[in-house]
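Thank you all for coming. Please take a moment with the sequence and the model before I start describing them.

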Amino acid sequence: MEDVSRNDIRTLLKTFGIQADEEIMRHLFSTRQPGTLHLRLTLDDLTDYGDTPPGAPLHVEVFGDVRR
């Protein structure tokens with residue numbers, strides 16, 4: 001199970017990375033504003049756990065800057 005889970009995670013992250021890269025570049029070209037772009041990337045678990053949600057929901061935030 002661990003290998004299957006890791007492969008699924010890597011596939012999601014790779015897809016997200018490619019799409020995020022394309023959208024950030026598109027945004028940079030369309031705004032043409034000087035200065036740094038300040039970004040927050042967020043990961044949240046959207047699973048419907050019904051009446052038994054996890055004690056600590058999955059939530060990850062990464063902050064960073066993209067220089068122009």
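I will begin with the overall shape and then turn to the salt bridges.

What you see is a predicted model, in which local features need pLDDT of at least 70 and side-chain atom pairs count only at pLDDT 80 or more, while totals for chains, interfaces and linings use all residues. Residues are numbered from 1 along each chain as its sequence is written, and side-chain values use heavy atoms, with hydrogens and water left out.

Read along the sequence, the protein follows the pattern α-β-β, where helices (H or I, at least four residues) and strands (E, at least two) are DSSP runs numbered from the N terminus. The radius of gyration is 16 Å, well over the 11 Å that the globule rule gives for 68 residues, so the protein is more spread out than a compact globule; this radius is taken over C-alpha atoms, and the rule is 2.2 Å times the number of residues to the power 0.38. Of the 68 residues, 4% count as buried, and here buried means under 20% relative accessible area, exposed over 50%, and partly exposed in between, with a 1.4 Å probe and protein chains only.

How many salt bridges does a search of the whole structure find? The search finds two, a salt bridge being a side-chain nitrogen of Lys or Arg within 4 Å of a carboxyl oxygen of Asp or Glu. In one of them, Arg6 pairs with Glu2, their closest N and O atoms being 3.6 Å apart, and both residues lie in helix H1 (residues 2-31), four residues apart, about one turn of the helix. Glu23 forms a salt bridge with Arg26 at 2.9 Å between the closest N and O atoms, and Glu23 and Arg26 also lie in helix H1, three residues apart.
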